[in-house]
Amino acid sequence: MTKPPLTLYLAAPRGFCAGVDRAIKIVEMAIQKWGAPVYVRHEIVHNKFVVDSLKEQGAVFVEELDECPDDRPVIFSAHGVAKSVPEAAEARQMIYVDATCPLVSKVHIEAERHSENGLQIIMIGHAGHPETIGTMGQLPEGEVLLVETVADVATVDVRDPEKLAFVTQTTLSIDDTKDIVAALQARFLAIQGPHKEDICYATTNRQEAVKAMAPKIDALLVVGAPNSSNSRRLVEVGARNGCKYAQLVQRATDIDWRALEGIKSIGITAGASAPEVLVDEVIAALCDRFDVTVAEVETAKENVEFTVPRVLREPA
């Protein structure tokens with residue numbers, strides 16, 4: 001039986017970013033240096049496939065520091081942690097390695113600098129997300145206020161409207177964030193922002209590639225985990241830019257084939273914590289059912305690399 005033709009547009013860039021690459025490398029190098037088990041507080045990155053493969057190498061994932069023994073190394077996830085977490089590890093004389101993405105650390109530093117200058121911080125982010133918890137935890141209670149939507153801006157209760165700054169989670173939708181920033185600047189005329197956009201280069205680049213692809217495609221598949229903020233934003237960006245159907249899939253087995261019946265073109269991208277092997281798996285599944293022609297939609301080239309902490313580069 002003849003397979004129906006399908007044009008498959010592959011977003012570039014897609015998948016792993018430099019911060020995720022570095023975080024995974026940190027866990028692997030820690031296991032090589034200290035042997036198994038090495039404990040990791042929270043998922044190192046939001047991807048089940050990555051977490052499972054690190055478990056096989058000897059990583060033990062826990063939610064809180066008190067689940068870790070004193071005598072084994074612990075790694076803090078790429079999303080960052082509140083200041084109280086490394087302080088607690090030091091109090092217990094634990095070996096710990098901080099895998100916080102350097103671009104998240106940059107936001108932490110900004111927040112501290114503004115606070116030292118007497119400013120209260122408004123953070124644009126998602127409540128309960130580990131990155132938001134980590135950033136808000138850099139400063140004492142009440143020094144960082146969270147807004148999630150434009151509507152939140154109207155009701156946020158600040159100490160002094162003349163002494164404010166804002167920071168953002170690094171994995172947000174560029175367009176949504178722009179609207180929230182505009183609302184903040186309209187309500188608080190003196191509010192200070194970051195010198196350079198907090199939303200990271202990888203989030204921005206992946207969203208721009210989806211925007212470029214959207215007019216060409218009948219459907220969009222985003223490879224990523226349901227708890228991955230940047231992956232979920234890619235689905236939203238696709239839908240907002242004209243994709244009639246946009247779905248988040250962890251891997252090929254999640255594809256809803258009925259929803260793809262009759263399509264002539266499809267776009268594929270992957271969140272910043274999704275490995276390329278899962279993209280390949282999705283492409284192979286499409287090739288089984290369609291006569292596929294692949295075209296790449298490249299909107300940026302990435303050559304960012306982050307070094308791992310010195311403790312891992314030194315001999316044991």
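## Residue E110 in helix α4

E110 belongs to helix α4, which covers residues 102-116. The model described in this report is predicted. E110 counts as buried because its relative accessibility is 7%, and the cut-off for a buried residue is under 20%. Setting aside neighbours within four places in sequence, the contacts of E110 are V167, P194, K196 and D198.

## Residue A151 in helix α6

A151 is found in helix α6, formed by residues 150-155. This residue has a relative accessibility of 55%, so A151 counts as exposed; the cut-off for that class is over 50%. A151 and V51 are 100 residues apart along the chain, and their C-alpha atoms are separated by 36 Å.

Strands of a sheet pair through backbone hydrogen bonds, and the pairing is either parallel or antiparallel. In this model, five strands form an open sheet with parallel pairing, in the order β10-β9-β11-β1-β12. Its edges are formed by β10 (245-249) and β12 (291-298), each of which pairs on one side only. On average, neighbouring strands of the sheet are turned by 20 degrees against each other, with direction ignored.

Strand β9, residues 219-223, and strand β11, residues 265-270, are joined in the parallel sense over five bridges. L220 has G267 in β11 as its bridge partner.

## Helix α8 on the sheet

Helix α8, made up of residues 201-213, packs on the sheet and touches β1 (5-12), β9, β11 and β12. The direction of α8 makes about 150 degrees with that of β1. The helix has 13 residues, and the distance from its first C-alpha to its last is 18 Å, close to the 18 Å expected at 1.5 Å a residue.

Which residues of α8 are buried? They are A202, T203, N205, R206, Q207, A209, V210, K211 and M213. The elements that cover these buried residues include strands β1, β9, β11 and β12, together with the helices α7 (174-187) and α9 (229-240). An α-helix has 3.6 residues a turn, so residues three or four places apart point the same way.

## Aromatic rings

The structure contains one aromatic pair. Such a pair of rings is described by the distance of the centres and the angle of the planes. A contact of another kind involves W257: R289 lies over the face of this residue, at 3.9 Å from the ring centre.

Definitions and conventions. Residues are numbered from 1 along each chain as its sequence is written. This is a predicted model: local features need pLDDT of at least 70, side-chain atom pairs count only at pLDDT 80 or more; totals for chains, interfaces and linings use all residues. Side-chain values use heavy atoms; hydrogens and water are left out. Two strands pair if DSSP finds at least two bridges between them. Helices (H or I, at least four residues) and strands (E, at least two) are DSSP runs, numbered from the N terminus. Axes are lines fitted to C-alpha atoms, for helices over the stretch in contact, and angles run from 0 to 180 degrees between N-to-C directions. Contact means heavy atoms within 4.5 Å. The expected span of a helix is 1.5 Å times one less than its number of residues. Buried means under 20% relative accessible area, exposed over 50%, partly exposed in between (1.4 Å probe, protein chains only). Rings of Phe, Tyr and Trp (its six-membered ring) pair if their centres lie within 6.5 Å; planes under 30 degrees apart count as stacked, over 60 as edge-to-face and the rest as tilted. A charge sits over a ring if NZ of Lys or CZ of Arg is within 6 Å of the ring centre and within 35 degrees of the ring normal.
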